[in-house]
Structure formats: C-alpha cells, structure tokens
Amino acid sequence: MRLFLSITLLLFSVKVAAQKQRTIDSLLVEIKKTKTDTVIVKNLNLIAIAYLKVDSIKGFHYSRKALQISKKINWKEGIAISNYCIGSHYGENLVFKKAFYHYNQAVLNTKDKRLLSKIYTGFGQSYLVQSNYTKSLEYFHKSLKLCETTKNRKGEIMALTYIGSLYSGLREDEKALSYYLRGLDLSKKSNDDSYLYGLYRGIAVVYSDRAEYEKSLKNFELAYTLSTKKQDVRSQANILSDIALVYLNMENFEQAIAFSKKSLKLNQKVAIKKLDIAFNYGVIGDSFIDWAKKENNNKRLLDSAVTNLNKAILLHKEINSLRSLYDDYTSLTLAQKLQGNYKAALETYETAITYKDSIYNSDNKETIQNLEDKREIELRDKEIKINNLKLEAKEKQKWYFIFGLGLLGIIGGLLLYQNQNRKKTNEKLQLLNTNLDQKNHDLDEANKTNARFFGILNHDLRSPVYNLIHFLHLQKENPELLDEETKNSIQTKTMTSAENLLQSMEDLLLWSKGQMENFQPQPKSFTIAQLFEDTQKHFSGVENIKFQFENPSNLSLITDENYLKTIVRNLTGNAVKALEHFIPTNETDSRAALGMTPTIIWKAFQENGTTILSITDNGKGASNEEFKALYDDKEVVGIKTGLGLHLIRDLAKAIDCEITVDSKVNEGTTITLKL
C-alpha cells in the first residue's frame, strides 16, 4: 500500500511555509551600504536561504561567497552558518553525501544551540528521504531537545512536526498523532501559524490511514487554505497529491487520477520536483491497477499503470528513496501479474522484497525503540529537574516569607517600644514573683527527691555493707569460732552481699541519672532474644532455681535497651530472692503443681499489636501493698529492695512501659510489662 508523502515532501514544504526572510532585493541593497564583513556574511546567507526553493544555482553562489569571506576573517560562526546553507542546498537537490559533509563542518564551528537545532533538522530530513529512519529519528530528537532547552518554540513545533511525519510513514498512527497534537497545541499557545500547514496535513494523513476519510479531507482543506494564503505553490501541489491518495483509498479512481494530474501541473512551476512527480506517477499507477481489477483486468488500464509506475521507479532510484521504491515495485508486481506476465512479476516481487528488508530489518526497529526509550528517559529527567527547581523556588519563597515576617516583627517591635517601657516595671515585678514561686516549688521537689533517695540508700545499701563489716570483724576478732564449713558459708553470703551492693550501686547510678532533666532514653531496635540471653547469662550462677525463656515469635523492640535491661534484671533478682526459701506449706499448696521446683519463667508475646513481657515465679507471693513502690512515687521501701522497685518504676515510666502485678499468697507472682 502506497504511503503519503508526509515523510518526504511534507518536511521540505513546511520549511518553505516557514520562510519569513526579508526580500532578496532589500538584502542586496543593504550589502552595498555596509562595510562590516560579519554583516555582509549574514546577509549573503539570508539571500542563499531565500533562493533555496527558487534557484539553487544562485543559492550556492551566495552561500559559497559567504563561506569565503568567513574563512578570510576567521569568523567561526560565519563559517558554520555558511556551511549550513550550502548543506541545505545540497539536501534540497538530494545530493546527500555533500550535504552531510557541510552539515558536519557547520557542527564543528558552532556552539550556538539554535543553529545546531537547524543543522540536526537538516540531517534528519536527508536521512528520512533515504529511508534511514533510525538516524532520522535520532537527529530530529536532538533538534527537539535543543529547541526545548533554548525555549525556541518555532523550532520545537517544527521538530514535533517532523517526528510526527516520520511515525506516520512507519504507520505508527498513535505516536504520529500525539506529536502532531503537541505541535498544534504549542502553535496555538505561542500564536505562531508557521507550521500549521504541516500539522494539519500530518493529522489528515493519520485520519486517512484510519479510514476516517471525511476528517482527513477536512484537515487537508485547512492545510490547502493556509498554503494558498502563503502563495506556496509546491505545498498546494503536495496537498493535491495527498487528496488523490485519499480518493484512491476510497476507490474513487477517476478523482484520484484527476487530482494527481492537477498536482503534476502545479509542479511544473517549481524547480525541484522529482519526489513530487514520482509520487504522483505512483498514485496514478495504483489507481489504474485498482480500476482495471474492477473492469476484469482491462488491458488498457493495466498498460497505463505499468507506464506510470516505471516513471515513478526511475525518479525514486535517482534519489534512492527505499520506501517509495518498495511501494512502486509492489504495485508493479501486481500489475504484471494481472497482465499474465508471471515471470516478470516474480522478478519484480523479489526486487520489492529486497527494498522491504532494507527498510524494516529487526535491528532498525530495535534501534528506533531504543531511541524512543532514551527520549522518554530524557523527558522524565527534565521533569524531575523542573520539579526540583520548583521546590527550590518554593524554599526561597518560604525564606523570603520568613524574612518578611521577621522584618514586620521588628517594625512592630519598634512601634510598641514606648508601650513596653510603661509596662516594664510591672512585668519585672511579676517575673520576680513567678521565679520565686518556681524556686520554692523546685526546692520542695528537690527535698522530696532527697528524702526518697536517702530512704533508698538506708534500705538497700546498709544491709550488704553491714554483712560485709560483720564478717570482717568476726574473722579478725574471733577466727577460732569459724570452722571451715561456717567460714565458706559466710564467705559465700558476704560475696553475694558485695555483688548485690555493686549491682545496687550501678542501679542507683542509673536511677540518679534518670532524675536529671537532660538525661533521656535513647531508643533503638533490638531483639528480645538478646535481652533474654543477657538475663540468663547474668543469673547463670544462681543454683537450685529453674529459668525458662519463651519467645516463640522471635520478637523485636524499639526502646532504650539499657533501661529495659535494668528493669528485667531487677525483676529477675526480686524473683530469685522470693524463691530463696522455696518451701511449700503443705501437700495441697498449688505450687506443688509446678513440680516442687523453684521456677522463674520469662515470656515474650504480642497481644492486639502490643508487645508484652511477663515474669512468673512460684514463690510465696506477696500482698499488693508490698508492691506499692511500683505505683506510688511517695513510697520509699519495697518488699525486698526499695531501690529495685523505685528503679523499675522510674525507668518504666521513662520508656512508657506499663507494669501490672498479679501476686497470690502461696501461689506465686506474675509481673507484666506492656511496651
């Protein structure tokens, strides 16, 4: 199926429609008036561009003259512009090898992003005519990126039009339409109609490919109106060719041939016409084939088809348009087959397949996809950068706002200065009274803390120190009273007292730190398995007591590890002391159910999303009054160790740990920590 000329002629036509240069005569007059070489070079190149669609010989003359002057004065920018103009003329004349040479020279001599975008567009056009879609797409995207960077809206619209046209030629209608609509939206926002002709024409092609022929013809009419308004004869001829192809797809063959001939007639008025003429011959050839099929393979119509297709092939070979040659040979194969010339049809078919393979090989498609992916990544990166800039701008606005508020505050402060002076004496007096009240309150609190502190010292430190002194006096003054067994027993008790003293001092230090205003818990994540392992190791020397640690879910916590570790140690130590004299009162004592073995069980589990630790012992238990130090800040002495219970209470409060006690006489005690 023959494609529209949107991937070839459209690109050149758009460029013609975009020309807004001053007239050649006025430029020549200005050249005579000025003696500045750089101005002369610029005007010579403007004349060369103006001649691009009119007279290539004159265009070459002026652009080469500009290049000569630029080299003489060693002006790199002039060398770049002149090479670009020469390359454009070679591209217009389909001499692509020389066009590429001059485009490369232009790239080497400029850093101007606007000029580079034009050069990349020239590359893209030339590669597209040769059906090298990968290279063409690469250069069009380069041009688009530069135009976006420099906010060159006209260049951006042009690049979007070219890319849409390329995808249209590849029959990727959705992508083509998305680029066309972006260009159309940008044209309306920037109030620039330079490329509306090309955009409407491209959209019309997409609708035709979708068989939405009414929409297609409507957009072609809009494009034709714009090209007529601009007096662009070649564009008018191209649209007539497009309309002819629409009628061919609608199977209105007479109209298709009629519009193609109108296009050929207009093409006689323009200098460069190989692509245009070849396309029209192809459409006429296809129309005659389809017409002949409907009239029982009419020989006259088929002969006309072969004649026109051969004319198209000759012209397309001159410009090496692979896509068009594939269409021509495919159509010629069908015509020869309908004529009954099967041998020629087979040879022609093989030629068509050769051109098809050159265009649609898998590597080419993969490369195009890679280019698309790369472009998408670049667009996302650009969006991220824009968002970052917006955030920076908001941050600056925030600081400006803060600065403004501060300035306002200063001004307000100055305005209120006199009023403040009047109230100054009263405020000072009120402040002194407030400070005095606060100091009295702080002193009361300090006295209470000291009273509690000395009560704890009296209870928890006095007993182990007394035991130590008593043993030392006995060993010094009456050693004969100590037999070996008694001596070992007292030594063991004394060592235990000394160790308890050390532990109490450590606990006292931690508790006293807890009374400081700036001493705060340091939460971190750790496993309960570590906590249980530390506790088991700490009490490894305790004999005749069975320890159990249950943590089936291997739970973790986020709290102050040292605080919790001290709480657990003290609770375990209290349980050990409660079991030191484990003696069931009778056979029916419920503690016998635990096997008559002194036992301490630590458990870790979760309940309604809350982590719970519990310690259970099967000792004699105690009344709730004896655990009052865990709840009442005024209580000084606990059941066994006042410091231990105070320490547990204060440390638990610091880490938001709720403590509950369930103790029954002759049954045992369970203390629960909810974290």
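A contact here means that heavy atoms lie within 4.5 Å of each other.

**Figure 1. Overview of the predicted model of the protein.** Of the contacts in the protein with a separation of 6 or more, 65% are between residues 24 or more positions apart. The chain forms 24 helices and 7 strands. Of its 675 residues, 46% are buried. The accessible surface of the protein is about 36,900 Å², and carbon and sulfur atoms contribute 53% of that area.

**Figure 2. Close-up of helix α3, residues 37-50.** Helix α3 contains 14 residues. From its first C-alpha to its last, α3 reaches 20 Å, close to the 20 Å expected at 1.5 Å a residue.

**Figure 3. Buried residues of α3 and what covers them.** Which residues of α3 are buried? They are Ile-40, Val-41, Asn-43, Leu-44, Asn-45, Ile-47, Ala-48 and Ile-49. An α-helix has 3.6 residues a turn, so residues three or four places apart point the same way. The cover over the buried residues of α3 includes helices α2 (24-33), α4 (56-72) and α5 (76-92).

Figure 4. Is Ser-614 buried or exposed? Ser-614 has a relative accessible area of 6%, and a residue is called buried when this value is under 20%. Ser-614 therefore counts as buried. Leaving out residues up to four places away in sequence, Ser-614 touches Ile-601, Trp-602, Lys-603, Phe-605, Ile-671 and Thr-672.

Notes: Residues numbered from 1 in each chain as written. Predicted model: local features only at pLDDT ≥ 70, side-chain atom pairs only at ≥ 80, totals over all residues. Heavy atoms only, no water. Helix = DSSP H or I, 4+ residues; strand = E, 2+ residues; numbered from the N terminus. Expected span 1.5 Å × (residues − 1). Buried < 20%, exposed > 50% of the residue type's maximum accessible area, 1.4 Å probe, protein only. Areas by Shrake-Rupley, 256 points an atom, 1.4 Å probe, with all protein chains shown as cover.
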